[in-house]
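Thanks for coming, everyone. Let me put the structure on the screen, and then we'll walk through it.

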Amino acid sequence: MKTKKNNVVVYIMLILGAIVMIIPFVWMTIVAFTNQDITYNMTFKNVINAWSLDNFKNIFTSYNTGRYLFNSMFVAIVTTLGQILICSMSGFVFARIDFKHKDKIFLLYLATMMIPIQATIIPQYILMNKMNLINTFTALVLPGMFSAFGTFLMRQHFANIPKALEEAACLDGAGFIRVFFQVMLPLAKPGISVLAVTGFMAAWNDFLWPLLVSSDDTHTTLPLFLSQLQGRWYVNWSELMAATLISVIPILIVYLFAQRYFIEGIQNTGIK
Amino acid sequence: MKRKLAATLLGITLVATTMLTGCGKTNESGKVDDGKNTSNEEVTIKYATYSAGPDHIKDLEAMIDEFEKQNENINVEYEVIGFNDYFTKLQTQATSKTLPDVFEINYENFVTYANNGVLKDVTEIAKSDETFDESVLTKGAIDHFKYQDKLYGLTEKFSNVVMYYNKDLFDAAGLEYPKPDWTWKDELKAAQALTKDGVYGTYSPVQYNELYKTVAQNGGSLFDAEGKPTINSKENIEAVQWMIDKMNKYNVQPTPEQMSGKSPEDMFKNGEIAMLRTGSWMLGVFADAPFNWDIALEPANTDKVHHVFVDGIVASANTKHADAAWKFIKFMSVDPTATKLRVESGWDLPVVDNEEVRESFLNIEKPESREVIFEALETGIVPPTVLNYSRVQDKINEELSKAVIGQVTVEEGLNEAQAKVEKIVK
């Protein structure tokens, strides 16, 4: 009897919590498919009557939204792939290979995570400028690929894989690269999916760096576009909500796909 | 050995490709295009703007097309940045000396930029330009973007703040419409009659921008003639007390909680606020409001004063195309085609003293009393010129917010603000 009652209470609290978290998204979706005035008379009938795709039509015709969507996807995907490759390689090295001063270098890596981005962003911008990379995709993608957090994450995952597996592969005559790509990487799938999701999210949502580095339509990403939609004195919420909805959907899809691995990954780091 | 070699090769390739993609790109802007066989050099200038987005990008493109037609050898690449992030980006560019050739700037920030030497002094270019006639600008407009007697740019457009009122609500309450000679007392009387059934009589925000105007309407001022802060003067305290009393004592203005996140403009459009002080930029937005409305001069206490907000275009100190930059600045400010386009699209008003411009503005139907916009100019004040304007604004807004929620009295708040601003301005 007691446990059943506890369960019901827990479920009720969870449902209430879920409703509270979802309400802003529900409002956003409603406004995106109707218009901002609906906020003042949000009855079911009004919502059904005002339902239309006008806002979406508007933002795709009045602005270069298709291009921005592509830019965001390109930057996010390339950054994530680069991050997976680079961080897993460096994580593997730190986990498995002993070299001089390894610990000190790793400590240095970790130390860089403590420096807030605001301190490094201007020197980074000047660096990009000197390399003539302002307003290019290279500049948008490059800094994100080298993530100290990613290296740390992958190192932990590789450290948790029993050495026996690696030794078995070596005994079978596999070379260094083969060991890495065909044995270790597949075993680190949970870690990679965590990295993929966090990396994709960070790259997708990144605002400050694209703000500084892109100066024209061909390099603008969605967060910049959303900021541009907010006029100096007045905000057109209908259009803004439609654009926001569009920028939320891809990340939602990525998360849904990676969700299984994501949770597994967090579980694994905990248990082992 | 083999695997060490493979690993090093891989590493080198990775690094090399990254470097090669980077260094391969050439710096486009500022380069003379040798491909064309024109007698003039082909020049590209970069222009950054905040006011063009999101509604006036097509108007900006039309203006740029016209400019490029008139100046065949100049190409303009524009960049729209949201206003909230505009100065973040500009500051980064100013630090790294990569400001665009020409860019928009508002009056409040102009002094800081001019003082830091990141703007190009165009006094000489303007003087030697025979096609530029100063008298075409309204009186005093040429001084807006002068600093220490040097000219850095021209005023592109202005907007001002007036009082909008809901005629239908006034009719229902049997009240007279606001008159030009109304004082705060008249406004209070009307507001008290109008505040009922979820409608509030009046609204004006309690923040820095409203502050320097409202204290002026009571004969006070935030800074004296030498630029020293006089924030806690008697007149200022009275004015701020009035701003807060409207909410907390007389209940004719909604408090922030009562507004619950709604913007005053949205509330006015929804018929929840009867009198609203807001800018000329709302004329277009309110056009389809479902009730009759009009504008009037703001009621004042001792002196009639109105906000005037001024945007100008300036050139960066490290531009390689000063002449082209000046031509663009001049075009956006006084060219007849550009100013006509600006008025027609409702993109604020140009500062030219031109009958045609006035007429085309006044001829737009709604609202009736459009001439109020020009009348308000006569008693207009621009924001106080003070270095580190955004820090001053932040400090003052902090104290005002505390006073609004009753955490400090008005006098205490203003005394605190005075002390803090004195430290910044030193």
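**A glycine, a helix pair and an interface**

Let's start with Gly199(A). Setting aside neighbours within four places in sequence, Gly199(A) touches Thr80(A) and Gln83(A). Keep in mind that this is a predicted model.

Where does Gly199(A) sit? In helix α11 of chain A, which covers residues 189-205. Is Gly199(A) buried or exposed? The cut-off for buried is under 20% relative accessible area. Gly199(A) has 8% relative accessibility, so Gly199(A) counts as buried. For a sense of distance, take Asn41(A). Asn41(A) and Gly199(A) are 158 residues apart along the chain, and their C-alpha atoms are separated by 40 Å.

Next, a pair of helices in chain A. Helix α4 of chain A spans residues 65-96, and helix α10 of chain A spans residues 176-187. They pack at an angle of about 105°. Their axes are 12 Å apart. Angles of 65 to 115 degrees count as roughly perpendicular, so α4(A) and α10(A) are roughly perpendicular to each other.

Which residues meet there? From α4(A), we have Leu85(A), Ser88(A), Met89(A), Phe92(A) and Arg96(A). From α10(A), we have Phe176(A), Phe180(A), Phe181(A), Met184(A) and Leu185(A). By type, the contact between α4(A) and α10(A) has eight nonpolar residues, one polar and one charged.

Now the interface between the chains. On the chain A side, 35 residues are in contact, and they meet 41 residues of chain B. The size of an interface is often given as the accessible area lost when the parts come together. Here, chain A and chain B bury about 3,400 Å² between them. Of that area, 64% is on carbon and sulfur atoms.

Which three residues of chain A supply more of its buried area than any other three? Tyr40(A), Arg232(A) and Trp233(A), with 24% of what chain A buries against chain B.

Arg232(A) comes up again. Arg232(A) forms a salt bridge with Asp311(B). The closest N and O atoms of that pair are 3.1 Å apart. The count between chain A and chain B is one salt bridge.

Last, chain B itself. Chain B has 18 helices and eleven strands. Its C-alpha trace spans about 85 × 65 × 45 Å along the principal axes. Chain B has 426 residues, and 54% of them count as buried. Take the contacts in chain B with a separation of 6 or more: 74% of them join residues 24 or more positions apart.

That's the tour. Over to you for questions.

Terms used: Residues numbered from 1 in each chain as written. Chains lettered and ligands numbered in written order. Predicted model: local features only at pLDDT ≥ 70, side-chain atom pairs only at ≥ 80, totals over all residues. Heavy atoms only, no water. Axes fitted to C-alpha atoms, helices over the stretch in contact; angles between N-to-C directions. Helix = DSSP H or I, 4+ residues; strand = E, 2+ residues; numbered from the N terminus. Parallel < 35°, antiparallel > 145°, perpendicular 65-115°, else oblique. Contact = heavy atoms within 4.5 Å. Nonpolar A, V, L, I, M, F, W, Y, C, P; charged D, E, K, R; others polar. Buried < 20%, exposed > 50% of the residue type's maximum accessible area, 1.4 Å probe, protein only. Buried area = accessible area lost by both parts, 1.4 Å probe. Salt bridge = Lys/Arg side-chain N within 4 Å of Asp/Glu carboxyl O.
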